[in-house]
Amino acid sequence: MVQVTYIEHDGTTHEVDATEGHSLMEVAIEKMIPGIDGDCGGACACATCHVFVDEAWLAKTGEKDDMETSMLEFAEGIEANSRLACQIKASAKLDGIVVRLPESQH
Amino acid sequence: MSQAAVKTEESVIPDPYSISLEEIDMGKAALYPAQAHWAYFERLRKEDPVHFCESEEFGPYWSITKFNDIVHVDTHHKQFSSEPQIVIGDAVDFQPPMFIAMDQPKHDVQRKVVTPAVSPVQLSEVEPMIRKRVGDLLDSLPVGETFDWVDRVSIELTTQMLATLFDFPFEERRKLTYWSDISASGPQVGDDSMTEEFRLQELTKCLEEFNALWQERKAQPRKNDFISLMAHHPDMQDMDPMEYLGNLMLLIVGGNDTTRNSMSGGVVALNQNPAEYDKLRADPSLIPNMVSEIIRWQTPLAHMRRNALEDVELGGKTIKKGDKVVMWYISGNRDDEVIDRPDDFIIDRPKARHHVSFGFGIHRCMGNRLAEMQIKILWEEILKRFSNVELVGEPVRVTSNFVMGYSHLPVRLHAK
């Protein structure tokens, strides 16, 4: 199990155990964390799983590919640490990762 | 779904299993108002999901009919171009540029200019106003009398919204409906009710009116309406008139035909599925989920078209560079490999948001959240007032292979 912390925009914190190999979008849906929609089911094609990765973890999540960069363009309020949660897979090296949710995915 | 031949006024549509696969041309607009397309798509999904057709009307093209293949094409925008056109037919000589039919980088630049008009902040600001308008309109409707839901409700509400998005003179808002209908009609989508010449003439008038608004907005400080956003942005303020017209057509149709027909489609779906209507009355908190289900079930735009920029293997077929590729969203939304009991309308369906009606990838509908909000508010306000929006006659459907719409929906309201 990999521990993942999701912090909602209003500060509500959810610490959950994620199954290795599942994306942080899938984990959020499984654990019913509000604020992640994941309309496309993980195809990097809808930008409704936008998260801000805590700086300490950013490098470990790897590089965004072209598609993710393009899709993020359409999310609201993107920052340098913006990622799509469907493109980050839970793994041992991310055990303890903290991601923050934007005010809204819409 | 009836497997028998369907008779329409002009011709008899054959049973899909009575003809050869090669003869199946999903571009034929007559299939859709007759509701004959369902059985055709069912056959294609089973027997030839990536289907080539030499159409007399539209030339050779591929039909993509399965959900996952559609997502594949939609998300590979470097292999499948949106230029020059996103509907099945090719324009003869009138083809104003618009960003839905552009590739990167220009598409991204222009799309970004206008998105603030439908941003989350903007939506939460307009929500109370939309709710009030919906309430006022519903309160003005006759109870116990037959009237046309399309004209009085679906068109009226979407047109009011559109007038707000453009800050268009409110009293003249039905002009927007008219221009939207013209933009989304014509030979390119299998509609022979108007010529390209007539469309050009009417849309030129549209451009003249919008030019005046452009000058007015340019002279004022920037606001959050579509025209002002374009007129004040360095990336769009020097557009030539045809590009301005193209983008207007895109934004007008995008905000009009789609939501309008989902507002009508919801009434049809609930009347055809009375147990679901009971479920809704018993638990109005199902509305947000039902909204997604309505949008899937209706699929207000049946297709989007792409053009292959290189040879691509898909579903065991080779799509050649330069080929026309049509993604049939209407079929993807009935694919039982991805959607359980896809022909059924189920308002509490799990994962209802996972449908293809908005498209996926960089061209995904930019107004999707606004559309959902409008339909959600409509049903919340209906349930507060009426026990039933009863469909009392046959819906009249538009003839198009693109817009899955209703032109007339006779209904009667029952008081709560």
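Two residues are in contact if their C-beta atoms, placed from the backbone, lie within 7 Å. Keep that in mind for what follows. The model described here is predicted.

**Tyr329(B) and the core**

Start with Tyr329(B). Leaving out residues up to four places away in sequence, Tyr329(B) touches Ile70(B), Thr299(B), Leu301(B), Ala302(B), His303(B), Met304(B), Val356(B) and Ser357(B). Tyr329(B) also belongs to the largest nonpolar core, which has 139 residues. Tyr329(B) is among the residues with the most contacts inside this core, and so are Leu24(A), Ala85(A), Ile64(B), Val325(B), Met327(B) and Trp328(B). Which helix gives the most to this core? Helix 9 of chain B, residues 241-272, does, with 12 residues. In soluble globular proteins, nonpolar side chains tend to be buried together.

**Where the chains meet**

Chain B has 15 residues in contact with 15 residues of chain A.

Helix 2 of chain B gives the most, with 3 residues. By class, this side of chain B has 5 nonpolar, 4 polar and 6 charged residues.

**A sheet of three strands**

Chain B also holds an open sheet of 3 strands. The order is 6-14-11, and the pairing is antiparallel.

Strand 11 of chain B pairs with strand 14 of chain B, residues 410-415, over 5 bridges in the antiparallel sense. Within strand 14 of chain B, Val411(B) stands opposite Leu391(B). Strands of a sheet pair through backbone hydrogen bonds, either parallel or antiparallel.

**The helix across the sheet**

Helix 5 of chain B, residues 149-166, lies across strand 6 and strand 14 of chain B. This helix runs at about 45 degrees to strand 6 of chain B.

Gln160(B) sits in helix 5 of chain B. Gln160(B) has 19 other C-beta atoms within 10 Å, so Gln160(B) counts as partly exposed; a buried residue has 20 or more. Leaving out residues up to four places away in sequence, Gln160(B) touches Arg133(B) and Arg173(B). The C-alpha atoms of Gln160(B) and Ile130(B) are separated by 9.0 Å, with the two residues 30 residues apart along the chain.

Definitions and conventions. Residues numbered from 1 in each chain as written. Chains lettered and ligands numbered in written order. Predicted model: local features only at pLDDT ≥ 70, side-chain atom pairs only at ≥ 80, totals over all residues. Pairing = 2+ DSSP bridges. Helix = DSSP H or I, 4+ residues; strand = E, 2+ residues; numbered from the N terminus. Axes fitted to C-alpha atoms, helices over the stretch in contact; angles between N-to-C directions. Nonpolar A, V, L, I, M, F, W, Y, C, P; charged D, E, K, R; others polar. Core = buried A, V, L, I, M, F, W, Y, C linked by C-beta atoms within 7 Å. Buried ≥ 20, exposed ≤ 12 C-beta atoms within 10 Å, placed from the backbone.
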